[in-house]
Amino acid sequence: MSRVEIRENRCKGCLLCTTVCPEEVLCLSDRMNSSGYKVVHVPESLQEKCKGCSFCAEICPDWALTVFRDKKGGQAHEKK
Amino acid sequence: MKKNDTNLLVKGNEAIALGAVAAGCECYFAYPITPQSEIPELLSESLVEVGGTFVQAESEIAAANMLLGATACGKRAMTSSSSPGIALKQEAISYMAGSQLPGVIVNICRGGPGLGSIDPSQGDYYQTTRGGGHGDYRTLTLAPASCQEAYDLTIRAFDLAFLYRNPVVVLGDAILGQMKEPIKNWKERVVLDGKGLDWSLSGARNREPRLLKSLYLSDGALAGHNRKLQEKYQAMRKECDWEEYRTQDAELIVVAFGSMGRIAKSAVRKLREKNEKVGLFRPISLYPFPEAPLDRLAAQGKGFLTLENNAGQMVDDVRLAIRRHADSGLHCVLPGHLANPDDLLGPIEEAMPAKAG
Amino acid sequence: MTQAIQTEEKQVFRLPDVLADTATHFCPGCHHGIVHRLLADVLDQLGVVQDTICVASVGCSVFIYNYLLLDTVESPHGRAAAVATGVKRANPENVVFTYQGDGDLAAIGLSEIMYAANRGENMTVVFVNNTVYGMTGGQLAPTTMVGQKTTTSQQGRSFETDGAPLKMTEIIAGLPGVYFSARVAVNNVKNIKKAGKILKKGFANQVQHKGFSFVEFLAACPTNWRMTPVEANERVGGEMIDYFPLGIFKDNDNDGL
């Protein structure tokens with residue numbers, strides 16, 4: 001299952017990622033990081049909708065998002 | 001370049017250009033302004049001939065910032081101008097002091113304030129010796145009084161700039177720049193070994209990136225940096241340089257630098273022919289100012305008269321130097337007048353201790 | 001890294017090593033962070049990280065050296081193009097770029113940028129235009145839009161007294177010495193990807209000694225526009241791109257077709 005990992009200490013809750021996610025899986029959580037910013041998260045219920053397209057990471061100004069895409073069945077993806 | 005040790009009849013400006021080439025100057029950034037334009041004119045050819053880089057910039061500000069960039073790469077680099085142009089370069093010079101960059105800046109001083117004149121003047125003394133831009137910094141300053149010294153001190157300026165990683169100013173004036181004298185072009189162009197440049201930028205290849213900056217925002221950081229700079233300025237004290245002429249048995253010491261020092265020397269010679277016991281003390285380094293030798297002369301009970309081609313600036317440093325024993329009289333030749341030795345005889349005689357009573 | 005249990009997974013989005021592994025001081029939603037990342041990617045892809053010298057300017061981006069791990073020299077406000085000229089003339093083999101804001105480049109540094117461009121200095125200029133002086137708290141800038149309120153145009157920029165915003169990419173494109181001049185934006189993924197390609201061209205030109213390349217980034221400044229990051233991002237896509245059209249305005253490879 002593809003997923004996005006959020007480095008919460010970096011996120012500033014700007015929500016630009018939420019404007020580009022095709023599946024709208026990202027939204028503001030009520031958790032606050034040590035700098036006092038509310039951080040984004042992917043709610044449990046939406047996790048399997050993530051396609052690993054990394055649009056969110058492309059626009060993140062704080063380099064807070066790491067994206068993993070699952071390998072579909074036999075498709076050989078050599079590790080980049 | 002011509003064979004060494006040849007006698008060349010050149011202007012002071014040309015001597016400076018020759019000195020820069022001999023010193024291994026690699027980059028020179030210019031902007032035209034009277035009375036120093038011979039420097040860029042000569043270097044636009046002679047520097048390029050030896051593989052150096054010549055750029056005529058869009059302003060003195062741009063030229064000084066190009067100097068900042070080239071010295072950031074550890075190159076021997078120079079810019080030259082005259083008073084109004086030097087005023088424009090002050091911010092960049094302050095940045096070079098803060099980032100510890102070894103730029104050489106030549107000022108062929110002209111009359112001021114404002115557009116002033118293209119006459120000789122020493123009116124930039126304060127600006128040059130107190131750090132003309134913002135912040136506590138100093139630039140080593142050398143003041144030639146002859147075309148040979150202009151050649152020699154330009155070479156020394158490059159060496160000192162790299163020794164202290166600090167901007168160095170060669171302070172001449174319109175007389176020095178425009179007068180012609182034979183000089184010995186004694187120096188083979190120095191071949192640079194690139195040593196001692198582990199601070200300079202070249203691309204972080206297989207090493208940590210290097211940073212040349214003057215911004216220190218964290219608590220106490222700038223204070224620490226300034227303390228280091230001040231220690232450096234103290235260490236420059238050993239670069240003091242001056243000329244003494246017949247001060248041994250003199251009752252009155254005339255203190256004058258650069259072209260004024262040259263003119264005063266002729267006056268002193270004439271007075272010595274009339275057995276007036278007068279001597280000349282000519283500071284060659286204006287920063288660091290030669291305080292100790294002046295203090296020694298003052299301790300011997302001598303009188304002092306400062307002669308300047310401005311409204312009185314170096315006299316402050318003279319008074320500071322001799323304050324424990326004496327004071328200094330002051331005779332100013334205001335820029336716009338060109339003093340000749342005979343003009344100075346009266347003021348010097350008047351200041352003689354026996355007469356002054 | 002947590003191991004996925006059933007199927008193998010692959011990391012698809014990688015940050016280049018030249019980009020420091022750190023949080024930034026930029027405000028939430030500030031586009032500088034995106035431009036920094038694109039810059040890091042381009043230098044990494046071209047394999048020139050170890051040959052690059054960054055000429056930093058004065059503004060919100062003054063701390064670029066904390067984020068891009070490159071040899072860097074700090075230039076006085078407005079003088080980066082002249083400092084970069086000195087650097088490039090001294091070290092022609094290094095890749096040299098300036099990173100400047102609209103106040104630094106188009107106000108106090110206008111003379112320097114025009115001349116570096118017209119001399120055709122073989123360098124790359126990264127120009128981030130967010131229509132205000134950000135670091136000093138949001139004052140009127142050369143690219144402030146007519147009617148845009150800033151702390152020094154509180155009734156909105158007036159054409160009569162403050163003139164209209166400067167279109168730097170077109171101005172630079174008009175100079176004979178210039179090889180490449182383009183404007184991009186990073187307000188959505190399509191634009192970000194296009195911006196990356198154009199920025200890469202701007203550096204590839206330099207590596208191939210083709211001359212002066214200029215890339216303008218339209219950027220959001222939520223704090224000083226008094227907008228949320230998302231609103232500011234939308235403003236870039238709307239009002240700004242209308243006035244500052246994206247595209248390549250000069251490209252001597254194929255003269256801007």
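**Exercise 1.** How many residues does the contact take from chain C and from chain A?

*Solution.* Keep in mind that this is a predicted model. Start with one side: chain C brings 38 residues to the contact. Then turn to the partner: chain A brings 33 residues. Next, look at area. The two chains bury about 3,100 Å² between them, with 58% of it on carbon and sulfur atoms. Finally, look for the residues of chain C that lose the most area to chain A: they are Lys10(C), Val12(C) and Phe13(C), together 21% of what that side buries.

**Exercise 2.** Find how many salt bridges cross the interface of chain C and chain A, and check one of them.

*Solution.* Begin with the count: the rule finds five salt bridges across this interface. Now take the side chains of Arg10(A) and Asp21(C), which meet at 2.2 Å, N to O. The cut-off is 4 Å, so this pair counts as a salt bridge.

**Exercise 3.** Which elements give two or more residues to the side of chain C that touches chain A?

*Solution.* Walk along chain C and you meet β1 (9-11), α1 (32-45), α8 (189-207) and α10 (229-243). Of these, α1(C) gives the most, with four residues.

**Exercise 4.** In what sense do strand β4 of chain A and β1(C) pair?

*Solution.* Strand β4 (residues 65-70) of chain A pairs with β1(C) in the antiparallel sense, over three bridges. To place one bridge, find Arg69(A): its partner in β1(C) is Lys10(C).

Methods: Residues are numbered from 1 along each chain as its sequence is written. Chains are lettered from A and ligands numbered from 1 in the order in which they are written. This is a predicted model: local features need pLDDT of at least 70, side-chain atom pairs count only at pLDDT 80 or more; totals for chains, interfaces and linings use all residues. Side-chain values use heavy atoms; hydrogens and water are left out. Contact means heavy atoms within 4.5 Å. Buried area is the accessible area (1.4 Å probe) that two parts lose on being put together, summed over both. Two strands pair if DSSP finds at least two bridges between them.
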